[in-house]
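Subject: Structure for your review

Dear colleague,

Here is the structure I said I would pass on. Please look through it first; my notes follow below.

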Amino acid sequence: MSLYLVLGFKMKKIVNLIIWLLSLTSLSQELSVVEIQAEVEKINSESELVHYTFDTDKIYNQTTEAGGTFDVWVNNQKIRKISQKIFLSNGQFITTIYLKNNQPILILELEKHFQWNDDNSGLDYEKELETNYSELIYAYNWDKDPIKVVSKGNSLRNETVCGLSDYWGLLQTAMKIIP
């Protein structure tokens, strides 16, 4: 048997092994996403959650255009969910973080805007807000990269979020204000 045939056969096995290992990594990420979704459903259905609502103008000591709310859900003194809504004249920005052991597992960003009226002369505040942008960030740890990010639409914000640590301030705020 020629040396080239033996080496070619071994290389083929090595390539197949690498492909198989990469597919396992992809599968484990998908399983992680499924586990995160199950944990989020569990959080949303926990009947023993205590819900606190705060005015963002008061907790940040800064007035926004149309105000906002900062909601925190707690179970057994552990923060399970944080939601911040900032209201503007043209819509609202909503950030929701689901936590497990003070680590983010899912971050949801939404931008909702009022639609233009029929003659395009101004915003129609009678119509329902339209979601222009949404982003789901699946994660397990503040210090690590997200497992998966799913975005839809185009964000109107000037700044972009660079990593999970950009959301750390919301958890710090929640820890300061809950009784």
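Along the sequence, the elements of the protein come in the pattern α-β-α-β-β-β-β-β-β-β-β-α. That makes three helices and nine strands. Please keep in mind that this is a predicted model.

Confidence

The average pLDDT of the protein is 79, and 76% of the residues score at least 70. Two stretches need caution. The pLDDT is below 50 over residues 3–9, a stretch with one contact in the model beyond near neighbours in sequence. Residues 20–31 also have a pLDDT below 50, and this stretch has two contacts beyond near neighbours in sequence. Where pLDDT is low, the predicted coordinates should not be read in detail.

His51 stands opposite Trp73 in strand 2.

Salt bridges

How many salt bridges does the structure hold? The count is three, and the residues Glu39, Glu46, Arg80 and Lys100 are linked in a network of them.

Arg80 and Glu39 meet through their side chains, at 2.9 Å from N to O. This pair links distant parts of the chain, with Arg80 in strand 3 and Glu39 in helix 1 (residues 3–45), 41 residues apart. Both Arg80 and Glu39 are buried.

Glu39 also forms a salt bridge with Lys100, where the closest N and O atoms are 3.8 Å apart. Here too distant parts of the chain are linked: Lys100 is in strand 4 and Glu39 in helix 1, 61 residues apart. Is Lys100 buried, exposed or partly exposed? Lys100 counts as partly exposed because its relative accessibility is 40%, while Glu39 has a relative accessible area of 12% and is buried.

The side chains of Glu46 and Arg80 form a further salt bridge, at 2.8 Å from N to O. Glu46 lies in the loop between helix 1 and strand 1, and Arg80 lies in strand 3, so this pair ties together parts that are 34 residues apart in sequence. Glu46 is buried, at a relative accessible area of 12%. Arg80 has 10% relative accessibility and therefore counts as buried.

The protein as a whole

Of the 179 residues of the protein, 34% count as buried. The accessible surface comes to about 11,800 Å², and carbon and sulfur atoms account for 54% of this area. Among contacts in the protein with a separation of 6 or more, 41% are between residues 24 or more positions apart.

Regards

Conventions:
Residues numbered from 1 in each chain as written. Predicted model: local features only at pLDDT ≥ 70, side-chain atom pairs only at ≥ 80, totals over all residues. Heavy atoms only, no water. Pairing = 2+ DSSP bridges. Helix = DSSP H or I, 4+ residues; strand = E, 2+ residues; numbered from the N terminus. Salt bridge = Lys/Arg side-chain N within 4 Å of Asp/Glu carboxyl O. Buried < 20%, exposed > 50% of the residue type's maximum accessible area, 1.4 Å probe, protein only. pLDDT = per-residue confidence, 0-100. Contact = heavy atoms within 4.5 Å. Areas by Shrake-Rupley, 256 points an atom, 1.4 Å probe, with all protein chains shown as cover.
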